[in-house]
Amino acid sequence: MSLQAVFFDMGGTIETFSWTPELRIQQTSGLQQRLACAGIHLELTDLQLYELIRTGLNAYHRKSLQTMEELPSARVWSDYILAGYPVNQEKLAEISEDLAFYVETRFYHRAMRPEIPSVLESIRRMDLKIGLISNVNSRGQVPANLEAYGIRSYFDPVVMSSVYGRRKPDPAIFHYAARLARVPTSACLYVGDRITRDILGAQRAGFLGAVQILHDYDHQELDEGASPDAVITDMTELVEIIKDCMDEFPATSSGTSQPHPGIRALLFDAGDILYFRPERGRYLQEFLDASGLAGKSISDPAARNLRQQVFDGSISQNEYREAILRLYGVDDPECILRGKQAMNQDDNNIQFFPGVRDTLLALKKNGYLLGIITDTANPLHVKLTWFENGGFAHVWDSIISSQEVGIQKPQPGIYQVALQQLGISASQAIFIGHDTDELDGALSVGLKTIAFNAGEEIHADFHIHKFSDLLEIPLLTGHLLSMTERVKSD
């Protein structure tokens with residue numbers, strides 16, 4: 001897989017930044033004015049308000065480092081900065097984005113690295129896509145600064161944690177950016193200044209490479225956890241690195257044998273293909289039993305309708321769980337909370353099928369593109385955590401979640417989104433599933449199909465009984481190292 005896209009971090013990478021307490025205290029008067037115009041009067045001096053903001057943002061930063069969740073600006077101001085203050089929450093929510101934008105633009109001295117325009121132009125002339133992935137609470141600061149620097153037109157997509165809801169180093173935001181760019185993750189290079197956010201996140205997502213550019217700024221926290229593929233001090237150094245990368249990986253990111261000229265990718269369903277739940281529904285049932293609802297059942301059409309809504313992203317997983325519990329007759333807030341916790345335990349109570357990790361690594365080693373097409377209520381970052389625990393989160397070139405794209409199998413569109421990101425035709429891919437509908441949907445768009453964990457009555461081009469049998473499929477044999485050869489080579 002050749003290099004197709006270069007993604008950049010914003011702060012510390014495209015631009016440098018710095019600040020002083022004096023600058024921030026001076027600029028706090030502007031926040032006072034914005035709050036006052038909204039009818040919010042805190043009766044604080046500028047110094048007191050600055051200390052309140054500093055303390056609140058530090059608390060939010062510590063929390064976000066643990067959860068990798070980017071809260072809406074309204075939540076940051078209400079739950080962290082002005083927590084405990086009797087302010088009108090509706091008025092605060094109305095101006096929260098303006099407040100976040102003000103903090104991120106006025107509380108820092110920001111300046112574009114002077115060499116950036118020429119470097120971006122060089123990359124564009126290489127016919128590479130250029131994108132940006134930034135951790136930022138405001139939705140406006142990054143676009144505004146890109147416009148001010150005169151470089152906005154170079155970047156597509158611009159992905160911000162404030163919009164996506166997850167922060168680097170969560171690999172989910174890197175997968176999301178690659179999907180929007182319509183390129184496999186293994187065809188992406190990432191450039192950033194932080195090890196813990198940029199380099200680690202890109203590597204966890206399976207990016208082709210990750211380059212660190214040094215930025216003279218003390219974040220007052222450890223910056224470790226990964227080793228960059230290169231370290232630069234000036235962005236002009238990146239051009240040669242990109243040229244070397246394009247020379248080194250002209251065809252596959254694995255650097256090993258080429259895949260079969262016909263089949264280039266394997267696309268997997270997730271649940272009951274990569275993993276299964278040996279005690280499906282156990283914890284919810286225990287909760288219902290303890291709540292005196294042991295014999296309670298719910299309407300199949302109602303439950304099915306809720307599943308459809310959560311699968312296509314119309315409602316969140318949290319909303320889905322609460323709605324299911326209410327169908328069971330649970331309405332006490334504390335009981336609903338315990339019920340949600342039980343459902344969460346059920347969702348995370350998974351086991352991988354034998355041979356999944358070794359088989360996927362063998363396929364990846366031989367240059368095949370690997371993707372997932374899943375109808376799911378679980379957010380992408382949750383599934384990626386499972387895969388990381390299984391040792392194979394980094395192998396995926398594409399993960400298409402019905403919740404993110406708003407399309408479910410067997411609709412042709414969800415298969416086509418995967419093919420578009422991988423840059424291949426349907427005749428160059430195989431879909432591995434267990435359900436009649438999803439396999440028929442794959443066949444309808446021209447994909448070859450393999451049935452696993454399915455009865456013999458399920459129609460597919462091939463049936464396998466063990467996950468590792470993928471390595472013996474006629475379309476792939478002769479182009480893979482056998483399992484024995486792979487083990488010996490390791």
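**Ala202 and the overall fold**

Ala202 is found in helix α9, which spans residues 195-204. The model described here is a predicted one. With a relative accessibility of 0%, Ala202 counts as buried, because the term applies to residues under 20%. Leaving aside residues up to four places away in sequence, Ala202 touches Phe174, Tyr190, Phe207 and Ala210. A further distance relates Ala202 to Ala172: the two lie 30 residues apart along the chain, and their C-alpha atoms are separated by 9.9 Å.

Helix α9, the location of Ala202, belongs to a protein chain with 20 helices and 16 strands. The C-alpha atoms of this chain fill a box of roughly 75 × 65 × 35 Å along the principal axes.

Of its 490 residues, 51% count as buried; Ala202 is itself buried. Among contacts in the protein chain with a separation of 6 or more, 71% are accounted for by residues 24 or more positions apart.

The accessible surface of the protein chain amounts to about 21300 Å², and carbon and sulfur atoms contribute 48% of this area. As for charge, the protein chain carries 44 positive and 64 negative side chains. The centres of these two sets lie 1 Å apart.

Note on methods. Residues are numbered from 1 along each chain as its sequence is written. This is a predicted model: local features need pLDDT of at least 70, side-chain atom pairs count only at pLDDT 80 or more; totals for chains, interfaces and linings use all residues. Side-chain values use heavy atoms; hydrogens and water are left out. Helices (H or I, at least four residues) and strands (E, at least two) are DSSP runs, numbered from the N terminus. Buried means under 20% relative accessible area, exposed over 50%, partly exposed in between (1.4 Å probe, protein chains only). Contact means heavy atoms within 4.5 Å. Accessible areas come from the Shrake-Rupley method with a 1.4 Å probe; for residues, only the protein chains shown count as cover. Lys and Arg count as positive and Asp and Glu as negative; His and the chain ends are not counted. The place of a charge is taken as NZ of Lys, CZ of Arg, CG of Asp or CD of Glu.
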